[in-house]
2 protein chains.
Amino acid sequence: MPQPSAPRRAPGRPPRISREEVIEAARRIVAEEGVDRLTMRRLATEIGSTPMALYHHVRNKEELLVLLLDDYTERTLRRPELPAEPRERIVVAASTIHEALAACPWIVEVLTADDLMSTAALWFVEQIVDGLVVCGLSPERAVQGYRAIWYYTAGEIVVRTSAARRRTGDDRPTYREQVFAALDPGDLPRLAQVADRWAPLTAEDTYRDGLRALVDGLLTPR
Amino acid sequence: MPQPSAPRRAPGRPPRISREEVIEAARRIVAEEGVDRLTMRRLATEIGSTPMALYHHVRNKEELLVLLLDDYTERTLRRPELPAEPRERIVVAASTIHEALAACPWIVEVLTADDLMSTAALWFVEQIVDGLVVCGLSPERAVQGYRAIWYYTAGEIVVRTSAARRRTGDDRPTYREQVFAALDPGDLPRLAQVADRWAPLTAEDTYRDGLRALVDGLLTPR
DNA sequence: ACCTGAACACCGTTCAAGT
DNA sequence: ACCTGAACACCGTTCAAGT
């Protein structure tokens, strides 16, 4: 995270809380109670201060969430040994990002961005872009390839975590279940054919399979 | 949309507002003022009623949003002539869904689901699954292939529309710009190499290119 | 420079009562 | 059956003042 300003020790009231302390408290709240409970007011009481004090350390709530994601990736995304073979390197790099994000469902609130990739994640982006270039893509095509991978990855996370959120604490049939139960086999024969297997099929984790397909497709000359 | 109950005309006070009226008013607000302005209170005043009257016609705000998406797809997603060639049929079907959703950015609030596909969109899903089966995939693999396409599509929409939201009314450098400006070319050479072209590159619409790559990859025997 | 208190302008939803 | 009024339990953020 680029620091917004050097810590000029100058006249004025000495700070009682720091940006780090704010982020740490926010992390604690999110870990123990979920993102929904992370409010400026709740955060203020958590650190024994007032809502407005927070605004001296973060611009607003959105920035707080970005900082939180950055903090999270910084402490969980370790640079692993990657395979030398470039195609496999791409798959492992993307999967590592995916795994880290999948493990923190609150990410969805923040994730929806193309310029929100944290500093810690950039090394993985580098590996993906480089892998694509080594396989013969131009730098421009490689960036576009990375973006396709990012769309796929972000989409998987967003769709899966919000599906999970919807499942909890509700035994009414889902909207999809209602729709699938009323499916017209004459109009939609393929869907009718798999209707009863849809739930288990969509519950399977097929991220890597789809990722491999996408990477293969990106590397197939056309 | 499966109706929750038949319209039993029975004793009791005659209804003054209908579910359709509620949805119509909601559509109007979203179209003219954006999703952010769609609140139960605002909606109530729009139809000249009280917030609580709405809860007799929709379960809660989430259901309202789902109904709104269903309504939207119902009136915009027309079944087009699709190419006979299955691979091309898949691409056109997915692109049609993508185009419809891309044109209504408020979708992001609702979209984040795997079981939220509206009835009107199911025909397109059928075409995609069928296309994949015709190309030789098993029904199970075809469903998984469709899901990969849906992840990619949803991800593109979510990432792009929230990037757009962030751009509006703010001339400060974005977080990404700050990060890219401070990039270490020794550590991340590929990213440093394209750093100055990143913005225009990510602004390009490459949905179809990525989609074709994904479909090609899904259909490549492995 | 940093923090506080009070206020502004809102939310979604529940409850009890009315017609 | 459908609608209303009042209330509950909150939000993020601004402003003016204090230390």
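Analyst: Let us begin with contact, which means heavy atoms within 4.5 Å. Domain bounds, which we also need, come from an automatic or database domain assignment. This is a predicted model, in which local features need pLDDT of at least 70, side-chain atom pairs count only at pLDDT 80 or more, and totals for chains, interfaces and linings use all residues. Residues are numbered from 1 along each chain as its sequence is written, chains are lettered from A and ligands numbered from 1 in the order in which they are written, and side-chain values use heavy atoms, with hydrogens and water left out.

User: Into which domains is chain A divided, and how many residues of domain 1 of chain A are in contact with domain 2 of chain A?

Analyst: Chain A has domain 1 at residues 19-74 and domain 2 at residues 84-219. Their C-alpha centres lie 28 Å apart, and 10 residues of domain 1 of chain A are in contact with 12 residues of domain 2 of chain A.

User: Which residues come closest to DNA strand C?

Analyst: A residue is near a strand if one of its heavy atoms lies within 4 Å of it. DNA strand C is surrounded by 21 residues, of which Arg16(A), Arg13(B), Arg41(B), Met52(B) and Tyr55(B) are the closest. For the classes, Ala, Val, Leu, Ile, Met, Phe, Trp, Tyr, Cys and Pro count as nonpolar, Asp, Glu, Lys and Arg as charged, and the others, Gly among them, as polar; the surface near DNA strand C has 8 nonpolar, 7 polar and 6 charged residues.

User: Which helices each supply at least two residues of that surface near DNA strand C?

Analyst: Helices (H or I, at least four residues) are DSSP runs, numbered from the N terminus. Near DNA strand C, helix H3 (51-54) of chain A and helix H2 (40-46) of chain B each supply at least two residues, while near DNA strand D this is the case for helix H2 (40-46) of chain A and helix H3 (51-54) of chain B.

User: How far are the phosphate oxygens of DNA strand C from Arg16(A) and Ser49(A)?

Analyst: A polar contact is a pair of N or O atoms within 3.5 Å; within protein, one must be able to donate a hydrogen and the other to accept it, and residues adjacent in sequence count only if both atoms are side-chain atoms. A polar backbone atom of Arg16(A) is 2.4 Å from a phosphate oxygen of DNA strand C, and for an N or O atom in the side chain of Ser49(A) the distance is 2.8 Å. On DNA strand D, a phosphate oxygen is 3.0 Å from a polar side-chain atom of Lys61(A), and one is 3.1 Å from a backbone N or O atom of Met40(A).

User: Is Ile128(A) buried or exposed?

Analyst: Buried means under 20% relative accessible area, exposed over 50%, and partly exposed in between (1.4 Å probe, protein chains only). Ile128(A) counts as buried because its relative accessible area is 1%. Ile128(A) lies in helix H7 (residues 119-134) of chain A, and, leaving aside neighbours within four places in sequence, Ile128(A) is in contact with Ile90(A), Ala93(A), Ala94(A), Tyr146(A) and Ile149(A). Ala94(A) is 34 residues away along the chain, yet its C-alpha atom and that of Ile128(A) are separated by 7.2 Å.
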